[in-house]
Amino acid sequence: MPDALRSRLPAALAAAATVAAGLTLRALADGPLGAYGGDALYTVLIHTIIVFALPRTAPLRAAAGALAFSWAVEFAQLTPVPAALSEASTVARLVLGSTFGAADLAAYAAGASLAAALHALLRRGPAPAPLTSG
């Protein structure tokens, strides 16, 4: 398998799993889990896209980039632009949202933390087998 594919395949699979989790959450969960879980997964997805584009990116750097992007989108909702774009396009509504919510900022931070932890765990690889005397 070529190095480029081998290094990007896990990120692509993680992105697909994140989208599936988000769609499942949206269909099945109500209340805060449904509302804020999707926000957290949005940031996880951005993290996986960053890792796909830049496979050697450190987990904390990718998480910081994902969090910065997510917060930028949220703060952009303080302007009329995302709402206007969301009225014109379903895709824009899914990506940009339409109204600012301060609690969303915390959900994005939770998603970035989760993504960084999983990324670091997966990057480290399996634990070595314990030494036994015999």
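This is a predicted model: local features need pLDDT of at least 70, side-chain atom pairs count only at pLDDT 80 or more; totals for chains, interfaces and linings use all residues.
## Around L67

Leaving out neighbours within four places in sequence, L67 is in contact with T43, Y108, A109 and A112, where contact means heavy atoms within 4.5 Å. L67 also belongs to the largest nonpolar core, which has 10 residues in all: Y42, I46, A63, A66, L67, V73, L105, Y108, A112 and A116. Such a core is a set of buried Ala, Val, Leu, Ile, Met, Phe, Trp, Tyr and Cys residues joined through side-chain atoms within 4.5 Å. Helix 2, helix 3 and helix 6 are the elements that give two or more residues to this core.

Residues are numbered from 1 along each chain as its sequence is written, and side-chain values use heavy atoms, with hydrogens and water left out.

The chain has a mean pLDDT (the predictor's confidence in each residue, from 0 to 100) of 89, and 93% of its residues reach 70 or more. Confidence is highest in helix 3 (residues 59-76), at a mean of 96, and lowest in helix 5 (residues 90-96), at 85. Helices here are DSSP runs (H or I, at least four residues), numbered from the N terminus.

## Helix 3 and its two sides

Helix 3 has 18 residues and reaches 26 Å from its first C-alpha to its last, close to the 26 Å expected at 1.5 Å a residue; that expected span is 1.5 Å times one less than the number of residues. Its buried residues are P59, A62, A63, A66, L67, S70, V73 and E74 (buried means under 20% relative accessible area, exposed over 50%, with a 1.4 Å probe and protein chains only). These residues lie on the same side of helix 3 because they cover an arc of only 130 degrees around the axis, taken from the directions from the helix axis to the C-beta atoms.

The face turned away from that buried side carries the exposed residues L60 and R61. The buried residues of helix 3 pack against helix 2, helix 5 and helix 6.

## Helix 6 and a tyrosine pair

Helix 6 (residues 102-124) buries residues including L105, Y108, A112 and H119, and its buried residues pack against helix 2 (31-53) and helix 3.

Two aromatic pairs are counted, using rings of Phe, Tyr and Trp (its six-membered ring) with centres within 6.5 Å; planes under 30 degrees apart are stacked, over 60 edge-to-face and the rest tilted. Y42 and Y108 form a tilted pair, 6.0 Å centre to centre with 45 degrees between the planes. This pair links Y42 in helix 2 to Y108 in helix 6, 66 residues apart, and both tyrosines are buried.
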